[in-house]
Amino acid sequence: MKFCPPAKNSWTSQLPADLAPLPAFWLDKPGALTASLRNLGQLTLAVQAERATTLHDEERWMLDQPHAWVREIVMSLDGQPMVCARSFCTVAASDDQWGSIKNLGTKPLADILYNDPEVSRSQFCYRVNTETDSALAPLAQHTFHIQELQPLYARCSRFMRQDQALIVIECFHPEFWTHYPDSQLLA
């Protein structure tokens with residue numbers, strides 16, 4: 001089943017044509033983001049929230065329903081928050097195939113996604129977020145301590161295990177590109 005945003009949604013299945021090479025590289029980079037970030041510095045994770053909640057309108061297509069178990073984290077490099085992430089699945093899946101997300105603590109989600117042969121990943125969808133009414137905006141503003149909303153580059157994908165979906169959204173700090181201008185050579 002293809003992972004593709006509906007029309008009139010802020011997510012797209014194509015990278016913006018005018019995207020600079022460095023953001024394009026990171027948004028389309030396969031594999032675990034945490035593994036690549038570790039090549040840039042000391043990586044730490046902090047859990048911001050774990051809860052059952054109602055999804056934002058722009059995310060509902062990803063699970064085809066309004067309610068989900070959501071985990072929000074911040075990934076910091078050398079003590080600086082550089083990526084915030086939201087992962088979510090249905091509440092039922094959080095007690096079934098994806099139950100292990102409730103016990104990760106500060107361990108990366110990649111620990112359970114990339115070591116399980118039953119897990120498959122979709123292609124990426126992308127978003128350049130400049131709106132304040134998105135699911136990413138409050139998390140990014142709080143995480144990155146930005147007063148004005150700057151363009152936020154994000155990607156999402158769907159992981160499947162026995163017909164149960166887990167969505168992972170990763171959003172980069174607006175200054176990631178200037179802090180790590182040569183990062184595509186390192187990662």
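**View 1. The lining of the largest cavity.** Twenty residues, written 20 in the count, line the largest cavity, and Thr34, Leu109, Ala110, Val168 and Glu170 lie nearest its centre. The model is predicted: local features need pLDDT of at least 70, side-chain atom pairs count only at pLDDT 80 or more, and totals for chains, interfaces and linings use all residues. Residues are numbered from 1 along each chain as its sequence is written, and side-chain values use heavy atoms, with hydrogens and water left out. A cavity is a set of points, on a 1 Å grid over the protein atoms alone, where a 1.4 Å probe fits but cannot get out; lining residues have an atom within 4 Å of a point. The lining divides into 13 nonpolar, 3 polar and 4 charged residues. Here Ala, Val, Leu, Ile, Met, Phe, Trp, Tyr, Cys and Pro count as nonpolar, Asp, Glu, Lys and Arg as charged, and the others, Gly among them, as polar.

**View 2. Elements around the largest cavity.** Helix H2 (33-38), helix H5 (110-113), and strands S2 (67-77), S3 (80-89) and S7 (164-172) each supply at least two lining residues. Helices (H or I, at least four residues) and strands (E, at least two) are DSSP runs, numbered from the N terminus. The volume is about 200 Å³, taken as the space filled by probe spheres set on the points, which are joined across faces, edges and corners. The count comes to 1 cavity of 30 Å³ or more.

**View 3. The Tyr114 and Phe159 pair.** The structure holds 11 aromatic pairs. In this one, the ring centres of Tyr114 and Phe159 are 6.0 Å apart and the planes stand at 85°, so the pair is edge-to-face. Rings of Phe, Tyr and Trp (its six-membered ring) pair if their centres lie within 6.5 Å; planes under 30 degrees apart count as stacked, over 60 as edge-to-face and the rest as tilted. Tyr114 sits in the loop between H5 and strand S4 (119-121), and Phe159 in strand S6 (residues 152-161), 45 residues apart. Tyr114 is partly exposed at 35% relative accessibility. Phe159 is buried at 2%. Buried means under 20% relative accessible area, exposed over 50%, partly exposed in between (1.4 Å probe, protein chains only).

View 4. Phe176 and Tyr180 form a tilted pair, 5.3 Å centre to centre with 40° between the planes. Phe176 is buried at 0% relative accessibility. Tyr180 is buried at 13%. Ring pairs link both into a cluster with Phe25, Trp26, Tyr153, Phe172 and Trp177.

**View 5. Charges over rings.** Lys102 lies over the face of Trp69, 4.6 Å from the ring centre. The charged end of Arg161 sits over the ring of Trp98, 4.4 Å from its centre. The criterion is NZ of Lys or CZ of Arg within 6 Å of the ring centre and within 35 degrees of the ring normal.

Note on methods. 1 Å grid on protein atoms, 1.4 Å probe; cavity = no way out; pocket = protein on both sides within 12 Å on 5 of 7 lines; lining within 4 Å.
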